[in-house]
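Here is a short report on aromatic rings and their neighbours. Take a look at the model first.

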Amino acid sequence: MTTQEIVSKLWNLCNVLRDDGITYHQYVTELTYILFLKMAKETGAEIQIPEAYRWDSLTVKSGIELKKFYKELLNHLGENCTGRVREIYQGASTNIDEPKNLEKIIITIDGLDWFSAREEGLGNLYEGLLEKNANEKKSGAGQYFTPRVLIDVMTRLVKPQPKERCNDPACGTFGFMIAAHRYVAAQTDDFFDLDADTAAFERTEAFTGTELVHDTHRLALMNAMLHNMEGTITLGDTLSNLGKSMRGYDVVLTNPPFGTKKGGERATRDDFTYTTSNKQLNFLQHIYRSLKADGKARAAVVLPDNVLFADGEGEKIRIDLMDKCNLHTVLRLPTGIFYAQGVKTNVLFFTRGKADKGNTQEVWFYDLRTNMPSFGKTSPLKMEHFADFEAAFESADRRVVQDERWSVYTREQIAQKENSLDLGLIRDDSVVDYDDLPDPIESGEEAIAQLEEAVDLLQSVVNELKALSEVE
């Protein structure tokens, strides 16, 4: 049985819970509580769990007894355990009201082909479940799930290295950091090429994140554990003063949440130079300030179009970004690749300079939006769609790249456009460019003149015919 088949079976269990009024997101959280116990048994990690509350204690109970025991288990693991177990179960409660539904879920999970799941990777199985949840529009999970193909492209271009500290300040289910971990592992023969201290650093310190939503934080913890990652995943708000301590990173990869602070209140960070209720602008400030000022620390960040052209504080933040960092590339992403179909997004790639001024000399833009196919659930974004962009990005001399989608603007040109970065979009063949249409008044006058010439010509022909008739 493949991972995809196991994911489908697990996802189909959500049908069992509909009668209990459980939402898709609640279902994934509920499944996480139960899967954790089963996966701990499958991986030999049950030592973290008190013997009385391990997987086998669930499988021997049924009915009301099972329901009561399950509630007791959640409470005990969240209150009396330590480490990842406590983090995952802290504040846990069940929404399953019908004991037979709970029993069916446990029996189904116990009967899955766990040998195949281990062979393909339990982390891959769990990521597949999260992706399934994100693709289900009714779940609302797509708001924090970035398409894996985009995560992989961003990670591959940023190139995290061993001994570097990587962070995602809005980590969702930890997808970016798992991709960064996977990238470093691939470059180092699954960390075997590293000395013991560096390998331990990669496992326990290299990849960290922060997540505001409790249930999503729980999913991130589970995802990290199944990928053998023990880095800190903080439950909290990066845009509060908690975020002030998040500094000194070599790599930041992230897709911050879109929108404004609820109620329009301003960010509570008291160290931001520019105050705004726009969350993306605040995250952007946080990100470039959190990078090491060593000329090498770098970031790739997904941001909506409004960040590129917002005036007032938005313009000041863009100027500050281009002063402190080399904003070398902006990728204009296609629409339809996120949960909110109409949202227009971009990836900003930048490197923190050693000084705080003059780091951006020019910005390259790649338009992957205009004249592109319509993406969505039935026509997903694929790796091949990024091939030309990656080739241009990696080119030793960007100026020799022959691609109409690839363009560059100097810092001076950007300043002349009021520091707007809403640039680099090519002509859209599907949109009529009214500037290229002829002036209707001028066209009318020209048509009248042509008509008058034709009338004169016709009159002269008539006159000639009359003259010939008189001669005859």
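How many aromatic pairs does the structure hold? It holds ten. Rings of Phe, Tyr and Trp (its six-membered ring) pair if their centres lie within 6.5 Å; planes under 30 degrees apart count as stacked, over 60 as edge-to-face and the rest as tilted.

This is a predicted model, where local features need pLDDT of at least 70, side-chain atom pairs count only at pLDDT 80 or more, and totals for chains, interfaces and linings use all residues. Residues are numbered from 1 along each chain as its sequence is written, and side-chain values use heavy atoms, leaving out hydrogens and water.

Two of the pairs are set out here.

| Pair | Centre distance | Plane angle | Type |
|---|---|---|---|
| Phe-365 and Tyr-409 | 5.6 Å | 90° | edge-to-face |
| Phe-389 and Phe-393 | 5.7 Å | 65° | edge-to-face |

Phe-365 sits in strand 8 (residues 362-367) and Tyr-409 in strand 9 (residues 406-410), so their pair ties together parts 44 residues apart in sequence. Strands (E, at least two residues) and helices (H or I, at least four) are DSSP runs, numbered from the N terminus.

Phe-365 is buried, at 0% relative accessible area. Tyr-409 is partly exposed, at 22%. Buried means under 20%, exposed over 50%, and partly exposed in between (1.4 Å probe, protein chains only).

Phe-389 and Phe-393 are four residues apart in helix 16 (residues 387-394), about one helical turn. Both are buried.

The charged end of Arg-398 sits over the ring of Phe-393, 5.0 Å from its centre. A charge counts as over a ring if NZ of Lys or CZ of Arg is within 6 Å of the ring centre and within 35 degrees of the ring normal.
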